[in-house]
Amino acid sequence: MFEIAPSILSADFARLGEEIRALETGGAKVLHVDVMDGRFVPNITIGIPVVKSLRKATNLTIDCHLMIVEPSRYAVEFVKAGADMVSVHVEADVHLQRTLTAIREAGGLAGIAINPATPLSSLEEALPFADFILLMSVNPGFGGQKYIHTSTDKLRRLRRMIDERGLKTRIEIDGGIDASNIAAIVESGAEIIVSGTGVFGKGDAAKGVKELIEAGTAWV
Ligand code: DX5
Ligand code: ZN
């Protein structure tokens, strides 16, 4: 089974409450929140106060993707603000195992996010301490980018790496996913599918989620 995690980066922030209702109606289970600091990535987006408001507004799983330098300084704060899942980039944290453990101890699910050019071998030691891996299929920083085609093979190799070790780690994938490529991605072993443009791009978020579920189910 797979879940759709709409990225609110592509939502209309002035109507965020309504947009979230639409995602719920469409059948989304996870709300993907892209936190960018203008340093790890070129863009700046949203932070802890918005997560606190989201927590009051929805029962969906809140998934915070931290695209920030020194994520260990803030990861636990996001859990305290109401995030259920928090991912930090392997490229951004020199004490990754400590940060993952801190997220778990705070009551969150801990994730490792990994950029397209970073090899899967960089996950090896920290894998047992992660509840999920966030595989980037675009370079982080912006919504609406094109899916990097080599990501599907990387996803298959990650699936194998997790299964061979008998781990329960879930795989989330993020970037450039829409109704045209979701089926192959689900078939390759991803369980949480992030989509921004694919959900919000046509102006009806409920319909966007439904279409993705339908397209992804073709292979299940
Ligand atoms: C990219 C973000 C993504 C992005 C996905 O830096 O991490 O979550 O919002 O948007 P789409 O689906 O438009 O590629
Ligand atoms: Zn993201």
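Which polar side-chain atom lies 2.9 Å from an oxygen atom of ligand 1? The legends below begin with this contact.

**View 1. Polar contacts of ligand 1 in the predicted model.** Ser7 supplies the polar side-chain atom, 2.9 Å from a ligand 1 oxygen. A polar backbone atom of Gly141 lies 2.7 Å from an oxygen atom of ligand 1, and an N or O atom in the His32 side chain is 3.4 Å from an oxygen atom of ligand 1. Each is a polar contact, a pair of N or O atoms within 3.5 Å. The model is predicted, with local features needing pLDDT of at least 70 and side-chain atom pairs pLDDT 80 or more, whereas totals for chains, interfaces and linings use all residues. Residues are numbered from 1 along each chain as its sequence is written, chains are lettered from A and ligands numbered from 1 in the order written, and side-chain values use heavy atoms, without hydrogens and water.

**View 2. The shell around ligand 1.** Around ligand 1 are 20 residues, of which Asp34, Gly141, Asp174, Gly196 and Thr197 come nearest; a residue is near if one of its heavy atoms lies within 4 Å. By class, the shell has seven nonpolar, 11 polar and two charged residues, where Ala, Val, Leu, Ile, Met, Phe, Trp, Tyr, Cys and Pro count as nonpolar, Asp, Glu, Lys and Arg as charged, and the others, Gly among them, as polar.

Terms used. Polar contact = N/O pair within 3.5 Å; in protein donor to acceptor, adjacent residues only side chain to side chain.
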